[in-house]
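Please find below some notes on the model shown here. They are set out as numbered points.

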There are 2 protein chains.
Amino acid sequence: MTTAELARNRNETTTEAPEALRRDMEAMGRRARAAAAVLAIAPPVQKNGALRAMASAIRVRKAEILKANEADLEDAGMLAASFRDRLTLNNSRVEGIAAGLDEVAALPDPVGAVMAGWDRPNGLHIERVRTPLGVVGVIYESRPNVTADAGGLCVKAGNAAILRGGTDSRRSSAAIAACLTEGLEEAGLPGAAIQLVPTSDRAAVGLMLTGLGGTIDVIVPRGGKSLVGRVQAEARVPVFAHLEGINHVYVDRAADLDMAVRIVVNAKMRRTGVCGAAETLLVDRAVAATHLRPLVAALKGAGCEVRGDFELQRLAEGIEPATEADWSTEYLDAIISAKLVDGVDGAIEHITRYGSQHTDSIVTDDAAAAERFLNRVDSAIVLHNASTQFADGGEFGMGAEIGIATGKLHARGPIGVEQLTTFKYRVRGNGQIRP
Amino acid sequence: MTTAELARNRNETTTEAPEALRRDMEAMGRRARAAAAVLAIAPPVQKNGALRAMASAIRVRKAEILKANEADLEDAGMLAASFRDRLTLNNSRVEGIAAGLDEVAALPDPVGAVMAGWDRPNGLHIERVRTPLGVVGVIYESRPNVTADAGGLCVKAGNAAILRGGTDSRRSSAAIAACLTEGLEEAGLPGAAIQLVPTSDRAAVGLMLTGLGGTIDVIVPRGGKSLVGRVQAEARVPVFAHLEGINHVYVDRAADLDMAVRIVVNAKMRRTGVCGAAETLLVDRAVAATHLRPLVAALKGAGCEVRGDFELQRLAEGIEPATEADWSTEYLDAIISAKLVDGVDGAIEHITRYGSQHTDSIVTDDAAAAERFLNRVDSAIVLHNASTQFADGGEFGMGAEIGIATGKLHARGPIGVEQLTTFKYRVRGNGQIRP
């Protein structure tokens, strides 16, 4: 959903949903719950077979998917270029979607993995075993690829998925979802394990946020701040999400200048629109004289606008004035705010006050300063001498991610297949009773 | 809180809280948040010093605590015997509270533990490290010991706690809380790390359930079904809880009869008021002729009422009639419902339909039947050849627990110190940038 779509619709969804829609959606929830029970005990070979069959169906039905996408794009004529780009499919993007499903099939199966096991003095053997979460609701913008990415990850983790994509991509998403259903059924699994909400009625989102009569276990929103903000504010079920990534790179007095320049430019400019992009540069006041100018020059050389307070503007050329609001702004653009701080403690203080607990990095050769930063910055991901753009499930070795969470409960950081599971305790005895 | 207290008050708390109370509670939340930041980085020796100082303060101020408890008991004259018993303190119970804090001090410190670590091909070293959750809100009935148990566990895990105990125990809880504050301050930690809500105004509970302006990270309710049900229904922050423990023991065709009798009687009768007590006995129809009578006789011999349907009543003597409602009833009393099922799949079906995903046990010598039950019953704790009464953090070797959760997110099963933590990713590099 775009911001405008959400704004148009905000009132509508908080009011009563039409009774027929509620009935339909709750029936969808019950089908998902029943499918989840089957998925939960499906052997890995069957789930992976389904994922590969989905990939194959997408390849086979490529023309159909592209045609649906053309129709979506036609309707979407008036939209911004970036929005249009996200909505657009082509040969290589469709192949990318299929390849993504094959990659998920190749990941290790998380279900049934023994996370810990121990013996008790009375002879009981206790194990903590990974189990699926149940039913995952995914609410996303008009990015057709998310239909397959999210559906595939949920199935791999033994869950059922209820997907609600943006209205502007409805035909593309439906064409892809048809391939997912086909893949599931080909492998003998219930097609209802991945269901796409078939209506454009925005009240459907509101119903999902209530949990559909207890059938949805967790909601994952994928999209911009307005979508995530609404989901976090209204959801009556747990949400895995991050609202924004106000990420910092702190260049310490003991930083290697060349490394700092390389990391800062990469953290900000590699891709400015991703949630792991840096938004604020913090420089240790002790090395302002030597480090600030080269950092600013490199950023400007890479095409980045640098905003700083009066102190910074005196120390380097071409710095735009920053206001208080800049410290809490996620630009997602070629703009960075910059500030001098008093050493690592000053950096920690600034990040604690303005950060969004997403991803923060320190550049230093001082091991003690690094430890202090890594321990005290309470963010999902903290890095030492590395770019914030590594905030990504793939880069973490998780294979694929459905998003990044900054909440503290259950999933924090990249949300991969393991984060889409829960656990239970399996206890084996030989007749033990409790005294 | 008692059911009556909750009922009296239900409307009150869903309406607007008085402005002054809201202000006071939100200030309490901010103090907790500030204290949590200090606790999060406090070394184990300091936290354990605080816990031991709390224990010592409780021993020193025993007379004061008992006097406060006498005043509470005087006011509580009209209450039920079981309620009165839970409220009552005496020398040995106060010593038990102090000893509990010493035991928590002796537990391994969860904070900073590396849960997993791995290297990436680009040389990044990634670790998943345990960190505190932040601020834990605990809402409990008139059991003064919970003040110390919950406060101590939260501090051990590096969290701050906001405690709201039952009104009838307010003086006892306040006397104990004063000792906790003393212990914290003696160890150089902020006293606000454990705060007892000082007012009997029930609107305070409603405010805690909203999260106190984002300062409470999780709520743990400790008490009966009405308290937990209200918290689950109204909370706008995550809740670790179980509503009820409708636990089953399934006696399979391949069960050793002596073992089955021992386990069933223990699971039901060791203590009938705990959440791990069995409430329903399921017997494999294949061994009804041989196993049912001895099981029923043993239960009745131990003083337990057995309720069953017409089929059961024909097979054994002295069985009271069961209605449909019995299968979903948590008696917490010397009553058990009993039913014949068709093998392990019949048991799984019954448990899936009527259980509460708390704790379920199978008695069998058939390894395949046991595996099927352990894999397919989706409860927090599943046991093979052991009593359901082992559903307890202490029995699991966790040292102490603040409760048992049946939700699927974050904490499931016993909630010990580890379950009161979260984690972050610590990434160490030597200049890595993302291509």
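1. In which strand is the place of A:R128? A:R128 belongs to strand 2 (residues 125–132) of chain A, strands being DSSP runs of E of at least two residues, numbered from the N terminus. This is a predicted model, in which local features need pLDDT of at least 70, side-chain atom pairs count only at pLDDT 80 or more, and totals for chains, interfaces and linings use all residues. Residues are numbered from 1 along each chain as its sequence is written, with chains lettered from A and ligands numbered from 1 in the order in which they are written.

2. A:R128 is partly exposed, since 17 other C-beta atoms lie within 10 Å (20 or more would be buried, 12 or fewer exposed, and partly exposed is in between; C-beta atoms are placed from the backbone). Beyond its neighbours within four places in sequence, A:R128 is in contact with A:M115, A:A116, A:F423 and A:Y425 (C-beta atoms within 7 Å).

3. In helix 15 (residues 367–376) of chain B, the buried residues are B:A369, B:A370, B:F373 and B:L374 (helices are DSSP runs of H or I of at least four residues). Seen down the axis of helix 15 of chain B, these buried residues fall within an arc of 130°, so they line one face of the helix (the arc is that of the directions from the helix axis to the C-beta atoms). On the other side of helix 15 of chain B, B:A367 and B:A368 are exposed.

4. The cover over the buried residues of helix 15 of chain B includes strand 16 (421–432) of chain A. From chain B, the cover includes strand 7 (247–251), helix 14 (343–354), strand 12 (359–363) and strand 13 (381–386).

Notes. Two residues are in contact if their C-beta atoms, placed from the backbone, lie within 7 Å.
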